[in-house]
Amino acid sequence: MPLPLYYYLSITAVNILMSWALYLPYRVAHLHFITIANMAISGYAAGYLVMSLHVPFGWALATGFILGGLIGYVVSRFIGDAPTFAVVIVGFTFIFITRTVIQNLPAVGGTMGMFGLPNIGGNPESHRVIILAILYAMVVVVGWLIHRFDHSRLGRAASAVFVDPDLAASLGINRKKLGMLVQTASCTIAGGSGVLYGFIYKSFHLDFFTFALVGIFMTVIFVGGYATLWGTVVIAPILYGVPLLLPSEIQEWRVVIYGALLILVLVLKPEGFITPRFVRSIETFLSGKRRKRNISLKEVT
Amino acid sequence: MKRLIGVLVLVLFAAALGFGQAKAVVNEWQVPFLNCLTGPIAAIGEFLEWGAEYAAKEINASGGIAGKPVKVVPIDTALDPQKGSVEMARIVKDSLVAMGPVPEPVIMAAMPIAVEAGMMSMTATTSLEYAQKFFPWTVSFLPPTEQRLATIVTAWAKEFPDIKQAVQFVVPYGPWPGMAAAHVKALQELNIQVLGQVDVPDDAVTFGPLVVKALEEKPDGIILVTHGEQAAKIIKELKNRGWKKMNHILVFSSADDAQLYSTGGADLNGVQVYNYINLDISNPRWDAFKAAFAKDHNGMAPFSLAPNYYDALYMIKEAIEKTGVTGDPSKLAEERKKIADYCANVQNFHGLLFNWDMKDGIPTNKPNYIFEIQDGKKKLVKEVR
């Protein structure tokens, strides 16, 4: 596999996973930016385990997932049913705190960062194969779980909370527990993604985990469509890949194009490009079946 | 389902084609330059690019490299590690040598790819502490931080025996805390008491409280390890709060940029700043460079990093010519190694401002300069080696 394609596919997978990590809490109207801090915390922790304590990568990755989930769970006990704005503030604050703590930890390289993460599998080729395999296995598993969630009673409850939290509560939906569930799941995904993100680059630097990532993932969700997980799958590879193929003269305008695209989508198609209805029509097309028409009594007669 | 698989296969095939490599270069030396041409430090990226392009023009005007023209291929990484890694992965297959990446986050994401491929990529603007992690596939343009900065700060502090205690303002970015630590070591060796360090948030916009905190310690000298604009604002606040001894303020090299002067204005008069380029040096190449830079930059003088990629391209030229590198794609690995080995130990390299030697990728005898600012201009106080 060409090297650029490896980097493209692996980073795209991280972007998909992280966009889903934001999508999931957004199902209950939470913009949970703490996930970016989770990426950094779990990533640096796994890097430290592998580099300094010589813990096998598999255990370090598992630790990254657990650490992410644990932090997500503890925080969600306080903000599981908080309003959107409060969740946003907690997320931003957490990013600042995390950056400051890491900056002051010489054990993980402080402001310099962490260099020379080893190849998993002993050589660069194996490393790439293993990283890609883990990432896309994660994409499949997480995607399947989110798909199941979206089509379950919990998913419908989440939709009700999104539309009207008070009405949802009056229907007997436990908003806090639902919020805790999606926030913990989201942070678990982010923890694992953070570990893999660093192992793609074989290094960690605090500037890998900046607010720029929030911008990327938000654009993916809102341009792709926040009402279905498929929007992320379609738009993440396009938003990351297309600019790489553009001539440099156009690349300079990349940020302007992103901004204009986001504004246009929010104004003209607030649900994003991929809507649940669009997904259903694609499913019908790919299955080769035609939807049964509802034949009215008038047509029969 | 069959249709879905068909679509997926087509997408993967198209992606593989799209990420194919550029053609091998034999009639023209193409040197990719991974730089930040857009994004938060695009202004710096512009003059780094300008320096490299200017060197290419000069080289081509005098016959090219080993008789072939050279072309700098600008590649924008936009300060984005995600983009930087893919761009580096694109160039490592065929390129003989590259320049960049810029700055540290992109270096950390992209340089491991160059190291793995055995291709030299000159990170000419970062500190030794970053560059040496990727030796021998890059070189450092700066000597060890502790050695270099300790000498400068010692020279500055010796000018003013009345400095008994000092404070530093430090932005916790990349190598800067390490640079501040080198300052501290030098001051302590002169028995100057180093008072509490004032941490300046990277995104700070108001500096009054930070300056009050520093002045409460009653320092005699102040060192600023911050961005240029931040340094200017801190100096203004210090002046507003009664600080008189302006030459007892020392600004570190990375802050010596256009924003320092445009923001600081006349309040900078008397402040000292250290750097490793000296605008007062006169030689035909440097004079021509300064004139051309001023012409393309509204009359401004070259900034501190402007000559780095000019020198980097000339070092590549020298390495190619002295080692007999041909650019033959079949000898790519061997010739890449020749260039890296040559640059790591180049002797008496004719840089834009002065000549220097390298030993194992580290410059051994580059001078540094301390200046005093007067009316937006720097007046040389002393050269430090």
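I took helices (H or I, at least four residues) and strands (E, at least two) as DSSP runs, numbered from the N terminus. This is a predicted model, in which I required pLDDT of at least 70 for local features and 80 or more for side-chain atom pairs, while totals for chains, interfaces and linings use all residues. Residues are numbered from 1 along each chain as its sequence is written, and chains are lettered from A and ligands numbered from 1 in the order in which they are written.

**Entry 1. Helix α9 of chain B**

I then checked the helix length, for which the expected span is 1.5 Å times one less than the number of residues. The 13 residues of α9(B), residues 228-240, should span 18 Å, and the end C-alpha atoms are 18 Å apart, so the two agree.

For burial I counted C-beta atoms, placed from the backbone: a residue is buried if 20 or more others lie within 10 Å of its own, exposed if 12 or fewer, and partly exposed in between. The buried residues of α9(B) are B:G228, B:Q230, B:A231, B:A232, B:K233, B:I234, B:I235, B:E237 and B:L238. They pack against β5 (165-170), α8 (208-215), β8 (221-225), β9 (249-251) and α10 (258-264) of chain B.

**Entry 2. Chain B as a whole**

I found 13 helices and 16 strands in chain B. Its C-alpha trace spans about 75 × 60 × 40 Å along the principal axes. I took the radius of gyration over C-alpha atoms and the globule rule as 2.2 Å times the number of residues to the power 0.38. For 385 residues a compact globule would have a radius near 21 Å, and the 23 Å of chain B agrees. Buried residues make up 50% of the 385 residues.

Two residues are in contact if their C-beta atoms, placed from the backbone, lie within 7 Å. Of the contacts in chain B with a separation of 6 or more, 67% join residues 24 or more positions apart.

**Entry 3. Strand β16 and B:V381**

I located B:V381 in strand β16 (residues 377-384) of chain B. B:V381 counts as partly exposed because it has 17 C-beta neighbours inside 10 Å. Beyond four places in sequence, B:V381 is in contact with B:Q272, B:I370, B:F371 and B:E372. B:I370 is 11 residues from B:V381 in sequence, and their C-alpha atoms are 5.5 Å apart.

**Entry 4. Domains**

I used domain bounds from an automatic or database domain assignment. Chain B is divided into domain 1 (18-142 + 303-353) and domain 2 (145-275 + 367-384). The C-alpha centres of these two domains of chain B lie 32 Å apart. Between them, 8 residues of domain 1 of chain B are in contact with 10 residues of domain 2 of chain B. Helix α5 (residues 128-131) of chain B gives the most to the domain 1 side, with 3 residues.

In chain A the assignment gives domain 1 (3-208) and domain 2 (210-291). Their C-alpha centres are 21 Å apart. The contact takes 18 residues from domain 1 of chain A and 15 residues from domain 2 of chain A. On the domain 1 side, α1 (3-26) and α5 (124-150) of chain A are the elements that give two or more residues. The largest share of that side, 11 residues, comes from α1(A).

**Entry 5. Contact between the chains**

I counted 36 residues from chain B and 31 residues from chain A in the contact. On the chain B side, α1 (2-18), β2 (70-76), α3 (81-91), α4 (104-117) and α7 (176-189) each supply at least two residues. The largest share of the chain B side, 7 residues, comes from α4(B). I also looked at α3(B) for burial: 11 of its 11 residues are buried.

**Entry 6. Nonpolar core**

I defined a nonpolar core as a set of buried Ala, Val, Leu, Ile, Met, Phe, Trp, Tyr and Cys residues joined through C-beta atoms within 7 Å. The largest has 218 residues, and those with the most contacts inside it are B:A114, B:L224, B:L313, B:I339 and B:C343. Helix α1(A) gives the most to this core, with 18 residues. Not counting residues up to four places away in sequence, B:C343 touches B:M120, B:V139, B:M315, B:A319 and B:M358.
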